[in-house]
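Thanks for coming. I have one structure to go through today, so please look at the screen.

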Amino acid sequence: MSGHLETIAHPDKAALAADVADRALTVLAAAQEERGETTVVLTGGTMGAAALAALAASPRRDGVDWSRVNVWWSDERFVAEDSPERNCRQAADAVAGALSLNPDRVHCMGSTDDFATAEDAAEDYRHELAAAADAEHRAGGHPRFDLALLGLGPDGHVASLFPGRPHVHDDDATVLAVHDSPKPPPDRVTMTLPLINAAEQIWFVVAGADKAGAVAAVRAGAPLDGTPGAGVRGTEETLLLVTEDCLPR
Ligand SMILES: O=C1O[C@H](COP(=O)(O)O)[C@@H](O)[C@H](O)[C@H]1O
């Protein structure tokens, strides 16, 4: 795996969330300044929601025109639209209406309300990404991603790419269905590593001593089969933003 991975430690979850929010506001505002809009890929998980809540509460939040922010997700739980397990819903709850997002620019992955199978939802998301790429006159089947936030599971999973599963080696697909996920719920939809790695800046946001093993494996560049998160690298920058208890003492 090529590309530098920089680790930045924070004293606690609140400090981590506040720093992620601050950094994200800077990146999103700069991209909007440059080309009028910006695109972020969000993650589910505990710190994903905490970072969004910090963003929504930031005194700097109005430095970004939220109506010109495009939002995508790196993975989703394939459950009912109103399920509290949905990453998309958790994000909406975390920002609690504080950001004036344009619903047409918010691209949640499909739910069981709209699709019979996770495969159908994955295919729909591929089409949605391709349509956004066309609108930007870009090749490659996806829009430009300025920033992707990612969680990291204690088992080393990233998005819904789990250890020991073949999905982590899929270089052809952009979005896949996942079944029998070791972490509930069992059915999911996930971006693949090549699509995640198309983001210019990728920031892992990770807190808690239970993630120390996974963080160490990512930093060591462990084999992908055991640590899918070790396969993540942005095209310009990859940061591992963590709480101190994730690192060796
Ligand atoms: O199930 C998921 O887990 C990971 C990590 O979540 P965390 O609560 O341990 O931080 C998350 O990144 C992913 O989006 C989510 O679907």
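UniProt, in an unreviewed entry, places the feature "domain: Glucosamine/galactosamine-6-phosphate isomerase" at residues 11-238. UniProt positions are in the numbering used here, feature names are shortened, and annotations may be inferred rather than shown by experiment. Residues are numbered from 1 along each chain as its sequence is written. This is a predicted model: local features need pLDDT of at least 70, side-chain atom pairs count only at pLDDT 80 or more, and totals for chains, interfaces and linings use all residues.

Over residues 11-238 the chain is 33% helix and 15% strand. Helices (H or I, at least four residues) and strands (E, at least two) are DSSP runs, numbered from the N terminus.

Now one residue. V218 lies in helix α6, residues 212-220. Is V218 buried or exposed? V218 counts as buried because it has 27 C-beta neighbours inside 10 Å. The cut-offs are 20 or more other C-beta atoms within 10 Å for buried, 12 or fewer for exposed, and partly exposed in between, with C-beta atoms placed from the backbone. Leaving aside neighbours within four places in sequence, V218 is in contact (C-beta atoms, placed from the backbone, within 7 Å) with L152, T227, G229, A230 and L240.

Next, a strand. In β7, residues 175-178, V175 and A177 point one way, L176 and V178 the other, and all are buried. β7 pairs with β8, residues 188-191, in the antiparallel sense over four bridges; pairing requires that DSSP finds at least two bridges between two strands. The bridge partner of A177 in β8 is V189.

Terms used
Two residues are in contact if their C-beta atoms, placed from the backbone, lie within 7 Å.
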